[in-house]
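Thanks for coming. I have one structure to show, and I will keep it short.

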Amino acid sequence: MNDLLGKWQQPEGQAFPGLWFEFKADGTFIASLEEMGITSSGTYKAENGWIDMEQTQHTLGLVGSFVGVYSVEGDTLIMNLADPGAARPTSLEGKNKRLYKKIG
């Protein structure tokens, strides 16, 4: 989990540029897409390239479990989260693949 700690933001060219996640050592996360006034938070577990997120608060009510895969390569986080209720992706590739750059 330690490789995820910190704040990560989607750069221009991604689906939601400006969206950031901050993963904390206590197993919680916060996220925001400030341009749209959206915030979210919850808990996460990450191990061996798998990530499970339980989003308990979201401005638009998008709460629930999100499962996926991730990789940290230097200052880049690659995350591929399944659509709600779908099976965990088997690779980093796919329609929900997102890149994030470390900003803090």
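Predicted model: local features only at pLDDT ≥ 70, side-chain atom pairs only at ≥ 80, totals over all residues.

Start with strand β7, residues 76-81. Six of its six residues are buried, so the strand is largely enclosed by the rest of the structure. That holds for both faces: Thr76, Ile78 and Asn80 are buried on one side, and Leu77, Met79 and Leu81 on the other.

Which strands pair with β7? One is β6, residues 64-73, which runs antiparallel to β7 and is joined to it by six bridges. β6 and β7 form a hairpin with two residues between them. Gly74 is in that turn, with a positive phi of about 65 degrees. The other is β8, residues 97-102, also antiparallel to β7, over five bridges. Thr76 shows both pairings: Glu73 stands opposite it in β6, and Lys101 is its bridge partner in β8.

Now the rings. A pair of aromatic rings is described by the distance of the centres and the angle of the planes. The count here is five aromatic pairs. In one of them, Phe21 and Phe23, the centres are 5.8 Å apart and the planes are at 10 degrees; planes under 30 degrees apart count as stacked, so this pair is stacked. Phe21 also pairs with Phe29, at 6.0 Å centre to centre and 50 degrees between the planes, and that pair is tilted. Phe21 and Phe23 are buried, and Phe29 is buried too.

Last item: Lys7 lies over the face of Trp20, 4.0 Å from the ring centre.

How values were computed. Residues numbered from 1 in each chain as written. Heavy atoms only, no water. Buried < 20%, exposed > 50% of the residue type's maximum accessible area, 1.4 Å probe, protein only. Helix = DSSP H or I, 4+ residues; strand = E, 2+ residues; numbered from the N terminus. Pairing = 2+ DSSP bridges. Phe/Tyr/Trp six-rings, centres within 6.5 Å; stacked < 30°, edge-to-face > 60°. Lys NZ or Arg CZ within 6 Å of the ring centre and 35° of its normal.
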